[in-house]
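User: I would like to go through this model with the definitions at hand. For each label, please set the value against its cut-off and then conclude.

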Amino acid sequence: MRRARDWWANPWGQPRFLAVVTWGYMVWSIVPVGIAVLFSFNDGRSRSVWQGFSMRWYWGDPNLSVLHDPSMRGALEQSLKLAALDMVIAVPLGVGLALGLTRWVGYGARPVNFLMLFPLVTPEIVMAVSLLLIFVTLYKIPLGTTAQVLGQVTFSISYVVVVVRSRLLSIGKQYEEAARDLGASALGALRLVLMPLLTPAIFASLMVVFALSIDDFVVTDYLSSNESTQTVPIKIYSGVRGTTTPALNALATVMVLATLVAVGLAFFVYRRVNSLQRAESGTGTALHEIAALEM
Amino acid sequence: MTRRWFWPSFALPGAAWLVLLFLVPTYAVLAVAFGTVDPIFNNPVPVWDPLHWQFSTMRGVLDDLRPGHVFWIVFVRTFVYVGISLAGCLAIGYPVAYYLARHARRTKALLLILLIIPFWVSYLMRMLAWIGLLLPDGLVNKTLMDVGVLSHPYGWLDGQSSSVILALIYGYVPYLILPLYASLDRIASQVLEAGRDLGASPISTFLHVTLPLSRHGILAASVLIALPMFGDYYTNDVISGSPRTSMIGNQINLFFQGGPQRTVGASLVIVLSVMLAVLMSYYLWVTVRASRSETIL
Amino acid sequence: MTETATGAVELVELRKTFGDVAAVDGIDVEIRPGEFFSLLGPSGCGKTTTLRLIAGFERPDGGRILLDGVDMVATPPHRRKVNTVFQSYALFPHLDVFDNVAFGLRRQRVKKTEIRSRVETVLRAVRLDGYEQRRPAQLSGGQQQRVALARALVLNPSVLLLDEPLGALDAKLRKALQIELKSIQEQFGITFVYVTHDQEEALTMSDRIAVMSGGHVEQIAAPTEMYEEPRTVFVADFLGISNLMTVTVDGAEGGVCRARLGDFILRAAQGETAEVRGETRVVIRPERVRIEPYESTGDNRVPGMIERVVYLGSSEQLVVRLATGDVVHALFVNDGTLRDFAQGTAVQIHFPAEALRVLPSTRTPATAPEPEPSPALAVDPVPSPSGH
């Protein structure tokens, strides 16, 4: 008993209580999701009673599986379509905004920076409502895929700016200045030096936008029109309280997998390019590298 | 020398987008809230000129906000839910963030990954997970009946406040832990060791050194999750589905199902935004004050 | 003020490993009550780890730590009668100077009036009276350091541990604070255990020094003895310029050994002359090296040429290359005597036997640079995660 108490009250400050709480939290946080994933492989129609292992909800069942049920598959397709469009539009806009904000010396910088920060602290319902109203009243844009993309891009830009800006600040101006010193124009320095260095951050922001878009609910829902513009989160929201099958779990699992793969990819690419670049960092090598490029 | 417009021109497209699709829509909310309703089609008609704004709808909304009236109840309930959920998130999240920041040496990388995973699992998927557990024939009821606490299945999903609060805590706590961890990580080890060195027991060091130094981090993380929580409606919708537990977000959502009600909805959005703006201002004021007396690390 | 003879620290076969690296590898040290004891060595030698072990922030993997004869192994840091002045000062940013200094007293539940008087006394001792309401961020480096010192001193510890407290300050401020620290130590009579990598600092302030390298103690001695009678190559080279030369010892008689340096015979009267044989090193301090005209004759003289003359203001340093190829530094005080020291002059270098010390040929320490003597720090290849 004393041994247990000593283990508990370790004077060298390895608090066992905190460790227990932390691991307990991890379990509590992840296990429910794990169980939901598990039930996506359920043989029966129940989402709560285990009836055996099967892939019927993924592709087995000819009517209700994710692959075969048109509304399920449609939701998956719509989610991916929106994500792709969101990535393609939001990232260039965001990168430009990040570049502009970091390097801008002048009066306009502060308000634009403020403007960029606002979407990050605005609750989604406020943003969704405002977009719905402006599309319906002033801009006369019909609800549906176009509206959904416009909405998603609007909140994604700020996240891109945050990711890219931190990388920009750590790169600093030294490489571009070296390039200018060696004869490159401002645009040339940007194209030949800064953009390659920014690649990991751009890739990371692509993945962040992907994950944000795939998981988004409020804005996408408010700007949707009919069942054809439903995404996976919308499908889950509308189906979860009813008597739906584990196909819903399967749909959600596919989405989670896609997100985790995207984020993991971003992480690894970012790390790898980072370590490559750090091995060659230093103004001396920067000049050397730039001199080796064809101007 | 670069021309002055070189860099700003890169920011132009993004800035223009945000103006057109963020700022202007915000104005649209005001225009609709203070606008009129078309009597024939029952559509809200926005009024763009502030000089012609109609305040009757807003007055009606504010009227119903008085204690005892419809919106008052919802607002109070939302505050209670957010308050309890925040307390729950802090009670769970602070120890985890603390352990991660100050202790887990060898397991730190693994724990960080485990911590980040829920971040990237869709919120609704996590709700789906809990609903699966809370169904009448779900694991929660089964375990509680096996253990003997329950004699028959409990309706966790039948409009229970406790279920909503539990779901809010479950849903938002990861968003609290990460910034809290970042802030605790910034406290220099030597400052905490100094506390121990000067005679403070581990608990005393925590109370007199760690907690005061993490005060700002706690505030920042709390504001970070309180803001979206106030506008949350989907958690209530999927976990409870009953107007008994309706939050501000649900009310707004209700009024946007169609027709003239959108004016009311827009007014409610304004009320919510003003409330949150007050919260944000308080946070900013505290931050500015703390950085001036240089107690922020 | 304090009882008799408190503040004795004894480390017995103390060991601490991080992973598979032994930061402290079985050291035995005895620190007397009331003495100013320095742990001196390069980065990674284990001196800071030793300090943290005494403070209680690290748990030893072997050996014992005795404070006034009592084993501290089970006592957590907040219950040891030992206080630390941290390298980064570690002042509490959320408290002002008064609350920082009063922190420890409040944990002991001392009465408010007593707290006030004790805090004011100690702040006066470090000349910071009047600064009570200031915040750490508003103080200069030197002032922060003094608050850190006051905060520890006010608790009347038996032993005060100081981890390179002057490292972040500029040279002039450092010198001033060195004198202050020493006088405070003498005034309060507390045992100081002082960690530093600056050998000049250790020599100026300490009653005794322990030179450490690679987790081991090389030598423990008073400053004079440490400088003039180094017992290993590492110690000789770490403190000041050592003029190390590789020789072969083939015999000894009457306390003087015969050492062959190239084609020349030198007699060394210092060191373990009776025991050392074979290839080893000799050391002589630059101020003992005599430069004589080329025609000069006698024992222990080697011809050579002046390579460089470095004027240091109060002294002059000569870099001389011997006929054997070794490079030797000589130091002269500018006492007004005219000396003919031009670059390129041929001279005789005289190593007086009583100043020439032979070192043991056993352990070759991590660095021991070839006769290119430099007062720089030896680089220790043993990494230590905690810094020192």
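**Contacts, confidence and labels**

User: What share of the contacts in chain B with a separation of 6 or more comes from residues 24 or more positions apart?

Analyst: In chain B, 64% of the contacts with a separation of 6 or more join residues 24 or more positions apart, a contact being two residues whose C-beta atoms, placed from the backbone, lie within 7 Å. For chain A the corresponding share is 72%. This is a predicted model, in which local features need pLDDT of at least 70 and side-chain atom pairs count only at pLDDT 80 or more, while totals for chains, interfaces and linings use all residues. Residues are numbered from 1 along each chain as its sequence is written, and chains are lettered from A and ligands numbered from 1 in the order in which they are written.

User: What makes up chain A and chain B in terms of helices and strands?

Analyst: Helices (H or I, at least four residues) and strands (E, at least two) are DSSP runs, numbered from the N terminus. By that count chain A has 13 helices and zero strands, whereas chain B has 12 helices and two strands. The order in chain B, from the N terminus, is α-β-β-α-α-α-α-α-α-α-α-α-α-α, and its C-alpha trace spans about 75 × 75 × 35 Å along the principal axes.

User: What share of the residues of chain A and of chain B counts as buried?

Analyst: A residue is buried if 20 or more other C-beta atoms lie within 10 Å of its own, exposed if 12 or fewer, and partly exposed in between, with C-beta atoms placed from the backbone. On this scale 43% of the 295 residues of chain A count as buried, and 46% of the 297 residues of chain B do.

User: Why is C:Asp68 called partly exposed, and why is C:Arg127 called exposed?

Analyst: C:Asp68 has 16 C-beta neighbours inside 10 Å and therefore counts as partly exposed, while C:Arg127 has 12 and so counts as exposed. C:Asp68 lies in the loop between strand E4 (62-67) and strand E5 (70-71) of chain C, and C:Arg127 in the loop between helix H3 (112-125) and helix H4 (141-153) of chain C.

User: What is the phi of C:Asp68 and of C:Arg127?

Analyst: Most residues other than glycine have a negative phi. The phi of C:Asp68, which is not a glycine, is positive and near 50 degrees, and C:Arg127, also not a glycine, has a positive phi of about 60 degrees.

User: Why is H5(B) called oblique to H7(B)?

Analyst: Helix H5 (residues 123-134) and helix H7 (residues 161-185) of chain B pack at an angle of about 140 degrees, with their axes 10 Å apart. Axes are lines fitted to C-alpha atoms, for helices over the stretch in contact, and angles run from 0 to 180 degrees between N-to-C directions. Angles under 35 degrees count as roughly parallel, over 145 as roughly antiparallel, 65 to 115 as roughly perpendicular and the rest as oblique, so the angle of this pair makes H5(B) oblique to H7(B).

User: Which residues of H5(B) and H7(B) meet?

Analyst: B:Tyr123, B:Arg126, B:Met127, B:Trp130 and B:Leu134 in H5(B) meet B:Ser163, B:Ala167, B:Tyr170 and B:Gly171 in H7(B).

User: How many residues of chain B are in contact with chain A, and how many of chain C with chain B?

Analyst: In chain B, 71 residues are in contact with 67 residues of chain A, and H1(B) gives the largest share of that side of chain B, 19 residues. In chain C, 20 residues are in contact with 19 residues of chain B, and the largest share of that side of chain C, three residues, comes from H2(C).
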